[in-house]
Amino acid sequence: MELRDYLRIIRKGWPLILAFVVLGSAVGVGITRATTPVYQASVQIFVATATSDDPSQLAQGNTFSQAQVQSYISIANAPTVTVPVIEQLKLNVTAEQLADEITADAPVGKVLINLQVTDHDPRMAADIANALAAQFNLVVAQTAQTNGKAVVKLTVIHPATVPTSPIAPNKLINIGLGFVIGLLLGLGFVVLREVLDNTVKGPADFEPLGVPVLGYVPFDKRTAKVPIAFRGDAHGSRSESYRQLRTNMQFVDIDNPPRIIAVTSPMPGDGKSTTAINLAAALAEAGFRVCLIEADLRRPSLAKSLGLVGDVGFTTVLIGQAPIESVLQNAGANLAVLTSGPVPPNPSELLISANARRVITEIASNVDYTIIDTAPLLPVSDGAEIAAIAEATLIVVRAGKTTTEQVDRSVAALDKVGKRPVGVILNMLSHGRGSYEDGYGYYYVEYRPERSRQADKVDATLLTPSFPAPATSTETDEPLPEEVGPWPQNESASPREASA
């Protein structure tokens, strides 16, 4: 990956990175509060030779002190020093435990010894340090003797005072370390997640298949309540994305533009039905006469989404119980809908029948566009069977959920029936993901081919249509009023109720 790819990953995953940083800092604060404070008291001792009037002996004694002072520091935590201190202060520790709290050092080239004592009680740390210095001076004086006389003299020049602040835990270091560790973990996690993520995100994921992206549909939490985007916000980004899809579909094949379009997806939940509804609505908005057919006979949803009657429909026509005209329902100006009807026990057998092809062909001969909502390609074979009848097939994939492997298998399934998809629609695209962040889909140029059945003006009733109430009767032989034609008209038409 290039630098800009990493920057894109960081920009997309910044909330997660921030969460790791906050968590790391919180852990640092927690460790600081949970750790018992430790205080340190220090004593500085000056080492000198015994008094002599001979200047040469004074110089030799100073050199001797510098040479010996490094050896004296090892005596600081010796039992000869620690045991008397424990007895003097009546400490409830062993000599080894006290030795662990004592450190000593001697600056190179100097005749100074620094003794440090740590303890959880600041006053006790100072008392131990002062007692330790006194006992240390006594032991060194007894050790460094010649002819019964001490050759060195140790003087405490800086006695220990009670420390006012602990040396541990260090709040700033703990929080800073937690911040850095959280930042590194957050960056590592989002980069690793991106590397291991095999879901589709943009056009680059489809380039190896040679399938173009014809539409980018942004995620909209209102979709479940308002399936047709034009009703929720006629000029919103989702509405414009479907208008862009409509325009792109008209340029798929200039010489022979497809009029029977199947809409499918790799798996359920990718948004194929919503896409089929909105593509049909977008074409109808442009003045084309459109029929939307629900060929997903296993999990039909159009009747519920559009508020139509679902008791009769495509399956009713296929088994010969009703003519096409009697079960078509009006969903607004220029748009008719053929719902699935009763769910059959053998959907696949119905869809591969010659009668299914005849019904779809007959509908297509009466309208400008026929949009078919089919079943997903991977769970069942129904989608591929309808694709074999259609003139063009669109695959709807869900950004961030559909995997590239699922897309590969879907394209392969269509290739087996000789119907390679004309394109894919990247659905539920989050802001900042893929090409949609560059504004794709917000602007479009309307293309309106001259057709004899196209209206001069688009009827605005598509944006606010009313729907018939569900029928309560199961009778199918009641004729529809003759004044309402079975096919979508260019003129404004009121919704009509299908006989149930």
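This is a predicted model: local features need pLDDT of at least 70, side-chain atom pairs count only at pLDDT 80 or more; totals for chains, interfaces and linings use all residues.
Figure 1. When residues up to four places away in sequence are set aside, Thr339 touches Glu294, Ala303, Leu308, Val309, Gly310, Val312, Gly313, Phe314 and Gln329.

**Figure 2. Arg243 and its polar contacts.** Arg243 belongs to helix 9, which spans residues 237–250. With a relative accessibility of 4%, Arg243 falls under the 20% cut-off and so counts as buried. The side chains of Arg243 and Glu285 are joined by a polar contact of 2.8 Å, and a polar contact of 3.2 Å links the side chains of Arg243 and Glu240.

**Figure 3. The largest pocket and its lining.** The volume of the largest pocket is about 660 Å³. Its lining comprises 32 residues, of which Gly269, Gly271, Lys272, Ser273 and Thr274 are the closest to the pocket centre. Two or more lining residues come from each of strand 7 (213–218), helix 9, helix 10 (272–285) and strand 14 (423–429). Helix 10 makes the greatest contribution to the lining of the largest pocket, with five residues. By residue class, the lining consists of 14 nonpolar, 10 polar and eight charged residues.

**Figure 4. Strand 3 and its antiparallel partners.** Strand 3 (residues 112–119) is mostly covered, with seven of its eight residues buried. Strand 1 (residues 39–49) pairs with strand 3 in the antiparallel sense over eight bridges, and Gln40 faces Thr118 of strand 3 as its opposite residue. Strand 2 (residues 102–105) also pairs with strand 3 in the antiparallel sense, over four bridges. Here, Asp105 stands opposite Asn114 of strand 3. The hairpin of strand 2 and strand 3 has six residues between the strands, and Gly109 in this hairpin adopts a positive phi near 80°.

**Figure 5. Leu377 and its contacts.** Leu377 is found in the loop that connects strand 12 (369–373) to helix 16 (382–389). Its relative accessible area of 6% is under 20%, and Leu377 is therefore buried. Leaving out residues up to four places away in sequence, Leu377 touches Thr264, Ser265, Pro266, Gly383, Ala384, Ile395, Ser410 and Leu414. A separation of 109 residues in sequence lies between Leu377 and Pro268, whereas their C-alpha atoms are 9.1 Å apart in space.

**Figure 6. Backbone details: a cis peptide bond and two positive phi values.** The peptide bond from Ala168 to Pro169 is cis, with omega near 0°. Pro169 is part of the loop between strand 6 (152–158) and helix 7 (171–196). Asn334, a residue other than glycine, has a positive phi near 70°. Asn334 sits in the loop between strand 10 and strand 11 and, at 2% relative accessibility, is buried. Met428 is likewise not a glycine, and its phi is positive at about 55°. Met428 is placed in strand 14. Its relative accessible area of 22% lies between the cut-offs of 20% and 50%, so Met428 is partly exposed.

**Figure 7. The protein chain as a whole.** The chain contains 17 helices and 14 strands. Of its 500 residues, 47% are buried. Among contacts between residues at least 6 apart in sequence, 80% join residues at least 24 apart.

Methods:
Residues are numbered from 1 along each chain as its sequence is written. Side-chain values use heavy atoms; hydrogens and water are left out. Buried means under 20% relative accessible area, exposed over 50%, partly exposed in between (1.4 Å probe, protein chains only). A polar contact is a pair of N or O atoms within 3.5 Å; within protein, one must be able to donate a hydrogen and the other to accept it, and residues adjacent in sequence count only if both atoms are side-chain atoms. Two strands pair if DSSP finds at least two bridges between them. Contact means heavy atoms within 4.5 Å. On a 1 Å grid over the protein atoms alone, a cavity is a set of points where a 1.4 Å probe fits but cannot get out, and a pocket is an open set with protein on both sides within 12 Å along at least five of seven lines; lining residues have an atom within 4 Å of a point. Grid points are joined across faces, edges and corners, and a volume is the space filled by probe spheres set on the points. Ala, Val, Leu, Ile, Met, Phe, Trp, Tyr, Cys and Pro count as nonpolar, Asp, Glu, Lys and Arg as charged, and the others, Gly among them, as polar.
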